[in-house]
Amino acid sequence: MHHASSSAGGQLRLALFAGLAELAGTRALDIPWAGGSVGDLRQAIAAARPAVAGLLERSAIAVGGRYADDDAIVQAGADVAILPPVSGG
Amino acid sequence: MQPTRRDERDQIRPDADGALVRRPIDPQRLLAAVASPEAGANVLFVGTARGFTNGVETTGLEYEAHDSMATEALERLCTAAVDRFSLLACAVEHRLGRVAIGEAAVGIAASAAHRRAAFEAAEWLMERIKREVPIWKCEEWADGRRAWVHAEPAAAARGGDAGHERGDGPVDAGRRRSRGRGRRR
């Protein structure tokens, strides 16, 4: 997590849902974040909470309420949600 | 639940009584919301919490959602359904929180001049809701265990649609390449 321990001191609060929240033990996961891509964020989350790694692989990430590709950039302080495979209906 | 009507599509706004509800779903209210003097067909679909799945007893369900994204997605799907099937109106409600066996978890009402469009719209909406709206279901079983349902992505969802859709192009089930999905109209 070298990229997440910068002196910039940025942080992300991630909203987790359903089984992902259960695996992480929290619905709001704070991780240090100096900026990077959604792909970087996936790695940072898996490192911070190894238990979620498998389900995270199958989850979508939304930034500011919009689904984001792995190469999208996430700024510190962004509104980020991790959305596991859906099961409504 | 704010019904989506042909002539009001651009005035839809989220309100306190949005498509996500934490109270019992009232099917009559959904039907009333889509009533129109031009309608010759009014289809109501009510999805209820099923007590047995493959022989295993379920004692209750619990739903949660990404509230703002799910509300927006449901409104967008209603708008798309009105356009796609030339509906007069459509309305959707999905319940959150605990849902007892036999109670409604989701309700869809669609009105159209003729029945085919209304039936097809309800089916199409249900498919889309299950596949792409950020709502999750937790199953509680008779033996006391509970588990959130996060299906493995179906082959259909990974490779695009498998004939469920009508020329929509691939429907991504929430994977990484889904940017812009929320913009489809």
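## Helix terms first

Helices here are DSSP runs of H or I, at least four residues, numbered from the N terminus. One such run is helix α3 of chain B, residues 115–132. R116(B) and E120(B) sit four residues apart in it, so about one helical turn separates them. Keep in mind that this is a predicted model.

Those two residues also pair up: R116(B) makes a salt bridge with E120(B), with the closest N and O atoms 3.2 Å apart. R116(B) is exposed, at 62% relative accessible area, while E120(B) counts as partly exposed at 23%.

## Where the two chains meet

Chain A brings 29 residues to the contact and chain B brings 34. Between them, the chains bury about 2,800 Å², and carbon and sulfur atoms give 47% of that. On the chain A side, three residues stand out: R58(A), Y67(A) and G89(A) supply 26% of the area that chain A buries against chain B, more than any other three residues.

Polar contacts between chain A and chain B come to 18 residue pairs. As for secondary structure, the elements of chain A that give two or more residues to this side are α1 (18–24), α3 (53–57), β4 (60–63), β5 (66–67) and β7 (79–83). The largest share, four residues, comes from α1(A). Sorted by type, the chain A side has 14 nonpolar, six polar and nine charged residues.

## Salt bridges, across and within

Over all chains the count is 16 salt bridges. Which chains does the R27(A)–E64(B) pair join? R27(A) lies in the loop between α1 and β2 (28–32) of chain A, and E64(B) lies in strand β5 (residues 56–65) of chain B, so this pair joins two chains. Their closest N and O atoms are 3.1 Å apart. R27(A) is partly exposed at 45% relative accessibility, whereas E64(B), at 11%, counts as buried because the cut-off for that is under 20%.

The interface of chain A and chain B has three salt bridges in total. There is also a network of salt bridges linking E22(A), E62(B) and R146(B).

Chain B has another pair of its own: R145(B) bridges to D143(B), with the closest N and O atoms 2.9 Å apart. D143(B) is exposed, with a relative accessible area of 51%.

## A capped helix in chain A

Helix α2 of chain A covers residues 38–48, and its buried residues include V38(A), G39(A), L41(A), R42(A), A44(A) and I45(A). S37(A) caps the N-terminal end of α2(A), with a side-chain oxygen 3.3 Å from the backbone nitrogen of G39(A).

Note on methods. Residues numbered from 1 in each chain as written. Chains lettered and ligands numbered in written order. Predicted model: local features only at pLDDT ≥ 70, side-chain atom pairs only at ≥ 80, totals over all residues. Heavy atoms only, no water. Buried < 20%, exposed > 50% of the residue type's maximum accessible area, 1.4 Å probe, protein only. Polar contact = N/O pair within 3.5 Å; in protein donor to acceptor, adjacent residues only side chain to side chain. Contact = heavy atoms within 4.5 Å. Buried area = accessible area lost by both parts, 1.4 Å probe. Salt bridge = Lys/Arg side-chain N within 4 Å of Asp/Glu carboxyl O. Nonpolar A, V, L, I, M, F, W, Y, C, P; charged D, E, K, R; others polar.
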